[in-house]
Amino acid sequence: MKTGFPLLLIMVLFLAGCAKNEDFVNPEYMCECGTITWQGEEYPLLMAEYTQPDDDNILSRRYFLTADIRLEGETEAHNLNIQLGTDSVDQVVQFIPEDEVFNYFEEVNQNDELLPVRTYTCTNGVVNFSPAFLGGTESVSFEMVLRETVNGQPVGFDISFKGNFSVEIQ
């Protein structure tokens, strides 16, 4: 009987350790800071952040955005990573390509074995800034026409792309 008790105790501890918990969702990547419309579907942003690339120009911005664009049935990561940049947010409406707004779009699709990474560039678009000159919430909205790039050259068909986001300026 003495040998059965430790075995029973181990079994109880083992079963208690196997309790099912809800899936972990990292709150840092659920920013509720904006949305994008990609391929006709709206997706919430997981992250929107900024840097000030020019230390001598407090109005310069480089924004970094990420959205999970995973389609139904996809089990691996499928994200759209976006970078937008400007020398100054004091011009609240800027046009691409005239105003030289930096833009880079990267689609990372681990479900696609042939092309897991695709890049895009904006061929035409408008970006609207609501700058927070003294700090606070800065809002940005945009409407663009993108084209996939191969070896730095635009190829394929036009893709309509739009979105909005906000960041906290320190």
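Student: How should I read the accessibility of Arg 147: is Arg 147 buried, partly exposed or exposed?

Tutor: A residue is called buried when its relative accessible area is under 20% and exposed when it is over 50%. In this predicted model, Arg 147 has a relative accessible area of 27%, so Arg 147 falls in between and counts as partly exposed.

Student: Which residue forms a salt bridge with Arg 147?

Tutor: A salt bridge requires a side-chain nitrogen of Lys or Arg within 4 Å of a carboxyl oxygen of Asp or Glu. Here the partner is Asp 158, and the closest N and O atoms of the two residues are 3.0 Å apart. This pair links distant parts of the chain, with Asp 158 in strand E9 (residues 153-169) and Arg 147 in strand E8, 11 residues apart.

Student: How many salt bridges does the structure hold?

Tutor: The structure holds 4 salt bridges. One of them joins Arg 61 and Glu 138, with 2.9 Å between the closest N and O atoms. Arg 61 belongs to strand E3 (residues 61-68) and Glu 138 to strand E8 (residues 136-150), and 77 residues separate them.

Student: Are Arg 61 and Glu 138 buried or exposed?

Tutor: Arg 61 is buried at a relative accessible area of 3%, and Glu 138 is buried at 0%. A further salt bridge, between Glu 148 and Arg 118, has an N to O distance of 3.6 Å. Glu 148 lies in strand E8 and Arg 118 in strand E7 (residues 117-130), so this pair ties together parts 30 residues apart in sequence. Arg 118 is partly exposed, at 26%.

Student: Which cysteines form a disulfide?

Tutor: The test is a distance: the two cysteine sulfur atoms must lie within 2.5 Å. The sulfur atoms of Cys 31 and Cys 33 are 1.9 Å apart, and these residues form a disulfide. A search of the whole structure finds 1 disulfide. The angle about its S-S bond is -55°, and the link is left-handed. Cys 31 is partly exposed, with a relative accessible area of 27%, whereas Cys 33 is buried, at 11%.

Student: Where on the chain is Val 92 placed, and which residues form a nonpolar patch with Val 92?

Tutor: Val 92 sits in the loop between strand E4 (78-86) and strand E5 (93-96). Together with Val 93 and Phe 95, Val 92 forms a nonpolar surface patch of about 230 Å² of accessible area. Val 92 itself is partly exposed, at 40%.

Student: How many helices and strands does the protein chain have?

Tutor: The protein chain has 1 helix and 9 strands. Read from the N terminus, the order of its elements is α-β-β-β-β-β-β-β-β-β.

How values were computed:
Residues numbered from 1 in each chain as written. Predicted model: local features only at pLDDT ≥ 70, side-chain atom pairs only at ≥ 80, totals over all residues. Heavy atoms only, no water. Patch = residues over 30% accessible without salt bridge, like charges linked within 9 Å, V, L, I, M, F, W, Y side chains within 5 Å. Areas by Shrake-Rupley, 256 points an atom, 1.4 Å probe, with all protein chains shown as cover. Helix = DSSP H or I, 4+ residues; strand = E, 2+ residues; numbered from the N terminus. Buried < 20%, exposed > 50% of the residue type's maximum accessible area, 1.4 Å probe, protein only.
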